[in-house]
Amino acid sequence: DQQIATLLTSSAQFTPIPGFKITYGTAGFRANASVLSSTVFCAGILAALRSLKTGKMVGLMITASHNPIDDNGVKIADPSGGMMAQTWEPFADALVGFQSPEELVQLVLEFTKKEKISFGGPKSAVILLGRDTRPSGKSLLECAKRGIASIIGAVAINMGILTTPQLHWMVRCRNKDINASEYDYFKQLSKSFMSLVGLNPLKETTSSKPNSTLLIDAANGVGGEKLHEVKKSLMGIELQVRNSGKEGILNDGVGADFVQKEKVAPQGFGPSDVGMRCVSLDGDADRFVYFRVISTDSNKIDLIDGDKILSLFALFIKAQLNILQKMDDKGAGDQFVTRIGVVQTAYANGASTDYLRQLGLEVAFTPTGVKYLHEKAAEYDIGIYFEANGHGTILFSDTFLSMIEARVNEPMFSSTGSEYERAILRLVAVTQLINQAVGDALSGLLLVEAILQYMGWSIETWSKLYRDLPSRQLKIKVADRTAVITANAETQVVKPFGLQKMIDSETAKYTKGRCFIRPSGTEDVIRVYAEASTQEAVDTLAQSVGQIVG
Ligand code: 16G
Ligand code: ZN
């Protein structure tokens, strides 16, 4: 019929490069931009089918995050604003590997039959499109549109150049019938930030007042221009944006990934910034890490990574819940038991995990990749997750949201009121500020800034919350990284058999030694991570495990 004919004609113009293989990894499809047309075309079809299946709007984002400028990628956002359901990944992989238009049609027909997706029903597919600032983005977006157009009735709405979290947020809001233009996004950020800051206890001493200027490394990516927009409606903080696009090349010696991995200041930052609070975003602004330049004659930094951001968030939320708890104990409200949990990966510094447990928090571990952490965090009333690399957010359950809403609506509730009432309003502001679809550098850094002001902390005080254990990461090139299979949130190698035993006996030689290996999801390497009590020790541990692997 007409649908089949449309797919046949359109896909004939997008047959994959012979021999090219690509899989939907932890962050969607990613590769050198020059080989991606066919993949992105297929992602368009995939998004349209996903929208038909769910009966809701989905998102399609063209980005390769922190990768070099010549790369690009594509990923799908589900109606909730989260990552596409993992059960669809095998189909995604099969689809992009089609060898002929006939095969593509067959794959689509088989899958739609299995998933009971019907074409031409009363509801049509709607896909929101976004892209980052990569030069290849524009033409790849056209490929996505062609893919979407080959599903009859599917509608693409181009939202233009966005950060990845902005697109996820828009998808999430629109599916809840909430206004979700870019203007709404900025308004929500600044409104909730300012209401949070407005609820801070007044600090008498000026000495403990943190510097109001924040220096931002925008990785020469999309975050830069968006921050200029945020700034317009923001008070109580001065954002000084560097590397906002014109100063250099995207992700080249700049950005959160570079800063976190190399532990040095990015381009444009140096000794003259000693004493300043600095933050670095990645290329599509879904990650951020803080740092401070510590030396006047080198570019060495003190890194404040995702683990410490997580700790700061957890500490603040816990403090507000404690205030609520105290009042509830006095019989002020119905007892509400909030299950709060934090989620980390094996990359989390051991010192951070100790710190969080010492706060009395439940700490869960998942494999690397936002989709795993996010899913786990959603099991709690308040779930806070972060990867050490700076990707993370806070999730609130519907039960929790209705609980605080009910309290705000109590007749006696006064918004200028007691510390109890202010704690509730702070939590409300956090639920509005933090992006609950996905980790978001812009909203995340504003939450950090508000909390530092609340605590009256400098970046140095924050950094001293606990002391990171020395760690080392290595990547080892191997013939076949898929030969390594891990379990227990990537902390144990189950295949090849015997390898874990060797790692264990090596690790046992070191005080506070910890080490794991895992196949990368984004590069053709095995990653080694090690921790020990001194830098020398951990370097040796990582080296020797690296030798066992390679
Ligand atoms: C992707 C993931 C990130 C993870 C990284 C690990 C998303 C959106 N991004 O960038 O969470 O930390 O991969 O890379 O899930 P690796 O597997 O190469 O170590
Ligand atoms: Zn990113």
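How many Å apart do the C-alpha centres of domain 1 and domain 2 lie? I looked this up first, and the answer is 33 Å.

**Ground rules**

I am working on a predicted model, where local features need pLDDT of at least 70, side-chain atom pairs count only at pLDDT 80 or more, and totals for chains, interfaces and linings use all residues. I number residues from 1 along each chain as its sequence is written, and chains are lettered from A and ligands numbered from 1 in the order in which they are written.

**Domains**

I noted the assignment as domain 1 (2-180), domain 2 (184-196 + 307-463), domain 3 (211-304) and domain 4 (471-549); such bounds come from an automatic or database domain assignment. Where domain 1 meets domain 2, I find 13 residues from domain 1 and 13 residues from domain 2 in contact (C-beta atoms, placed from the backbone, within 7 Å). On the domain 1 side of that contact I have 4 nonpolar, 8 polar and 1 charged residues. For these classes, Ala, Val, Leu, Ile, Met, Phe, Trp, Tyr, Cys and Pro count as nonpolar, Asp, Glu, Lys and Arg as charged, and the others, Gly among them, as polar.

**Cores**

Next I turned to the largest nonpolar core, which has 136 residues. A nonpolar core here is a set of buried Ala, Val, Leu, Ile, Met, Phe, Trp, Tyr and Cys residues joined through C-beta atoms within 7 Å. Buried means 20 or more other C-beta atoms within 10 Å of a residue's own, exposed means 12 or fewer, and partly exposed is in between, with C-beta atoms placed from the backbone. The members that touch the most others are Ala 43, Ala 48, Ile 127, Ala 144, Phe 313 and Ile 384. Helix α2 (residues 37-54) gives this core its largest share, 10 residues. My helices (H or I, at least four residues) and strands (E, at least two) are DSSP runs, numbered from the N terminus.

Apart from this core I found another, of 18 residues, including Ala 388, Cys 515, Val 538 and Leu 541.

**First annotated site**

An unreviewed UniProt entry puts a "binding site" at Ser 65, Asp 282, Asp 284 and Asp 286. These four span 222 residues in sequence, yet no two of their C-alpha atoms are more than 8.0 Å apart, so they gather at one spot. UniProt positions are in the numbering used here, feature names are shortened, and annotations may be inferred rather than shown by experiment.

I placed Asp 282 in the loop between β8 (277-281) and β9 (288-293), and Asp 286 in the loop between β8 and β9 as well. Asp 282 is buried because it has 34 C-beta neighbours inside 10 Å, and Asp 286 is buried with 31. Beyond four places in sequence, Asp 282 touches residues including Ser 65, Ala 219 and Asp 257, while Asp 286 touches Ser 65, Thr 163 and Thr 164, among others.

Ser 65 sits in the loop between β2 and β3 and has a positive phi of about 50 degrees, although it is not a glycine. Ala 219, not a glycine either, shows a positive phi of about 60 degrees; I count Ala 219 as buried, with 37 other C-beta atoms within 10 Å.

Is Ala 388, part of another "binding site" in the unreviewed entry, buried or exposed? Ala 388 is buried, with 27 C-beta neighbours inside 10 Å. Its place is the loop between β13 (382-386) and β14 (392-396). The annotation also covers Ser 520, Gly 521 and Thr 522, among others.

Around ligand 1 I count 15 residues, of which Ala 27, Val 370, Ser 520, Gly 521 and Thr 522 come nearest; near means a C-beta atom, placed from the backbone, within 6 Å. By class, this shell has 2 nonpolar, 9 polar and 4 charged residues.

Helix α6 (residues 164-174) is mostly covered, with 10 of its 11 residues buried. Its cover includes β2 (58-62), β3 (71-77), β4 (126-131), β5 (155-161) and α7 (182-198).

I also noted a cis peptide bond from Lys 495 to Pro 496, with omega near -5 degrees.

Definitions and conventions
Contact = placed C-beta atoms within 7 Å.
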